[in-house]
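This briefing is meant for a reader who is meeting the structure for the first time.

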Amino acid sequence: MSASNGKPKRLVSYPLYTMGDVGSGLYSVLPSILLMFYMTNVLGIPVALATLAAFVPKIVDLISNPIIGGLSDRTRTRLGRRRPFMLLAAVTVMPTFAMMWIAPYKDPAASAYFVLVMFSLCTLSFCCFVVPFFALNTELARDYHERTALNSYRTSYTFTGAILAGAGAPLIVQMAGGGRHGYLVMGLVMGVIMSAVIFMTFTHAREPERSETDPVPTIRETIAAIGSNRPFAILFGSYFVNITAGGLYGAVLAYFVTYVLGRGEGFLSVMFFMTYGASILSIPFWGWISRSTGKLLAFQASIVMSVLASVCFFFISSATPLPLIIAVVFVQGLSHGGVQVFSFSMLADCVSQGNEGRDSADASAAMFNAVFIAGEKLGFASGALLGGLVFSATGLIATTQGSVAQPESAIDGIRVALSWLPAALNMAAVVMLLFYRPFERKMLAQLKAAEI
């Protein structure tokens, strides 16, 4: 059925359907910002072992994403291809996420391995939601601007989840008395929220009609389609580098607040609230910019803003006026908003038209999205790993007391890891996107031709 303006009628309500991405924001941000700090400063796990416990589950994520994507592409049930996996995730995310924060052992090594196993199980569970969800997004939004519209709603929810994670989680820990008990209460609350919003997406998702005879590509055909999609490869590479910088920012910020600014969980909550609050506020702005300049230029501009904010962090100390700190954090948040809107909107462009006339949008949408999301998760993990390596190299001291006096080398490592390293990574991402320009010009030419 067509709407009166000649465009296909939306199959789902974007505000209700995309609500599950609150869970994506929680799942992506919360472990990134608190898990390392929880292990080193509450459980007393040595930095090297904590880094391993945080990184290995992301390798599990990297492997499981394409597997879940392939299974989803080949699934045929009365609920569709994507929705059965969403329902499985809604049931299993809460218990697996909460278990990450139980830490039943007093021995630091045993606690590290327990966290590693529980985080890996949660990774598998959440993968059952996020991969089919993004694949269905690709199938529901079929034109250049419609993809931006859907991803604007989705991104708003992502950053709502990020605010709950970055601002709400530390407050819950603090209100529950801190320590192991505080983190356990936080894990239970956030796990319930994640399962609830995923179930909301499951109930409001509607899949497009598909013929039972539609061809399903083999694994080899899918790999060939992904490998031959040059715009996808460029976008994937630049996004991975950008997300590595974001993972580094998330992993280091709690240490920066504690040891450089000399403040507690309350101020960490304020910083994350400002970061992701600015991200939400920026979404209409980035949509307006993209309609004037195209997605690529707007995407690059958003990353450059992150470079500027990162450099500023190097010069911030406990003596820096509060309004100036908030201003830098706000600019960082504006950057995050643009990155999330444009990366996944451009991903949908690549999937639907990036194979030089070969329609891959329905045939292997889940696999394209699975690879992209796996890259995102690996980027977050790589950022945390890079932070852990810096901490190990500069002599950061683990503790069970929340904070401890650190050597000057560790303080310098924290400052560099929050400033010059992410700035360099993001500049590399901007340069990589220059090679995407021919495809963007092609997309804009097609759009202009369609409007004539």
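How are H2 and H9 oriented to each other? The model is predicted, and in it H2 and helix H9 (residues 230-260) pack at an angle of about 55°, with their axes 6 Å apart. Since angles of 65 to 115 degrees count as roughly perpendicular and those under 35 degrees as roughly parallel, H2 and H9 are therefore oblique to each other.

**Helix H2 against H9**

- The crossing of H2 with H9 is right-handed.
- On the H2 side the residues that meet H9 are Ser32, Ile33, Met36, Phe37, Thr40 and Asn41, and on the H9 side they are Gly250, Ala251, Ala254, Tyr255, Thr258 and Tyr259.
- Sorted by class, the residues of this contact of H2 with H9 comprise seven nonpolar, five polar and no charged ones.

**Helix H2 against H7**

- Helix H2, which covers residues 21-41, also packs with helix H7, which covers residues 179-204, at an angle of about 160° and with the two axes 9 Å apart.
- Because of that angle, H2 is roughly antiparallel to H7, and the crossing of these two helices is left-handed.
- H2 brings Val22, Gly23, Leu26, Tyr27, Leu30, Leu34, Phe37 and Tyr38 to the contact, while H7 brings Tyr183, Met186, Met190, Ile193, Met194 and Val197.
- The residues of the contact of H2 with H7 are 13 nonpolar and one polar, with no charged residue among them.
- Phe37 of H2 is listed in the contact with H7 and is also listed in the contact with H9.

**Leucine 26, a residue of H2**

- Leucine 26 lies in helix H2, and its relative accessible area is 0%, so leucine 26 counts as buried.
- When residues up to four places away in sequence are not counted, leucine 26 touches Pro31, Gly161, Ala162, Leu164, Ala165, Met190, Ile193 and Met194.

**Helix H11 against H15**

- The axes of H11 and of helix H15, which spans residues 420-433, come within 8 Å and cross at roughly 165°.
- H11 and H15 are therefore roughly antiparallel to each other, and the crossing of these two helices is left-handed.
- From H11 the contact takes in Leu296, Phe299, Gln300, Ile303, Val304, Ser306, Val307, Ser310 and Val311, and from H15 it takes in Trp420, Pro422, Ala423, Asn426, Met427, Ala429, Val430 and Leu433.
- By class, the residues of the contact of H11 with H15 are 13 nonpolar, four polar and no charged.

**Serine 302, in H11**

- Serine 302 is placed in helix H11, which runs over residues 295-313, and this residue counts as buried because its relative accessibility is 0%.
- A polar atom of the side chain of serine 302 lies 2.6 Å from the backbone oxygen of phenylalanine 299.
- Leaving aside neighbours within four places in sequence, serine 302 is in contact with Trp286, Ser335, Gly338 and Val339.

**Asparagine 65, in H3**

- Asparagine 65 has its place in helix H3, made of residues 47-74, and at 0% relative accessibility asparagine 65 counts as buried.
- Not counting residues up to four places away in sequence, asparagine 65 touches Cys127, Val131, Ala370, Ile373 and Ala374.

**Two alanines in loops**

- Alanine 103 is found in the loop between helix H4 (83-99) and helix H5 (108-140), and its phi is near 45°, a positive value in a residue other than glycine.
- Alanine 176 is found in the loop between helix H6 (144-175) and H7, and, leaving aside neighbours within four places in sequence, alanine 176 is in contact with His181, Gly182 and Val185.
- Alanine 176 and asparagine 426 are 250 residues apart in sequence, and from C-alpha to C-alpha they are 37 Å apart in space.

Technical notes: Residues are numbered from 1 along each chain as its sequence is written. This is a predicted model: local features need pLDDT of at least 70, side-chain atom pairs count only at pLDDT 80 or more; totals for chains, interfaces and linings use all residues. Side-chain values use heavy atoms; hydrogens and water are left out. Axes are lines fitted to C-alpha atoms, for helices over the stretch in contact, and angles run from 0 to 180 degrees between N-to-C directions. Helices (H or I, at least four residues) and strands (E, at least two) are DSSP runs, numbered from the N terminus. Angles under 35 degrees count as roughly parallel, over 145 as roughly antiparallel, 65 to 115 as roughly perpendicular and the rest as oblique. A crossing is left-handed if the near helix is turned anticlockwise from the far one by less than a right angle, and right-handed if clockwise. Contact means heavy atoms within 4.5 Å. Ala, Val, Leu, Ile, Met, Phe, Trp, Tyr, Cys and Pro count as nonpolar, Asp, Glu, Lys and Arg as charged, and the others, Gly among them, as polar. Buried means under 20% relative accessible area, exposed over 50%, partly exposed in between (1.4 Å probe, protein chains only). A polar contact is a pair of N or O atoms within 3.5 Å; within protein, one must be able to donate a hydrogen and the other to accept it, and residues adjacent in sequence count only if both atoms are side-chain atoms.
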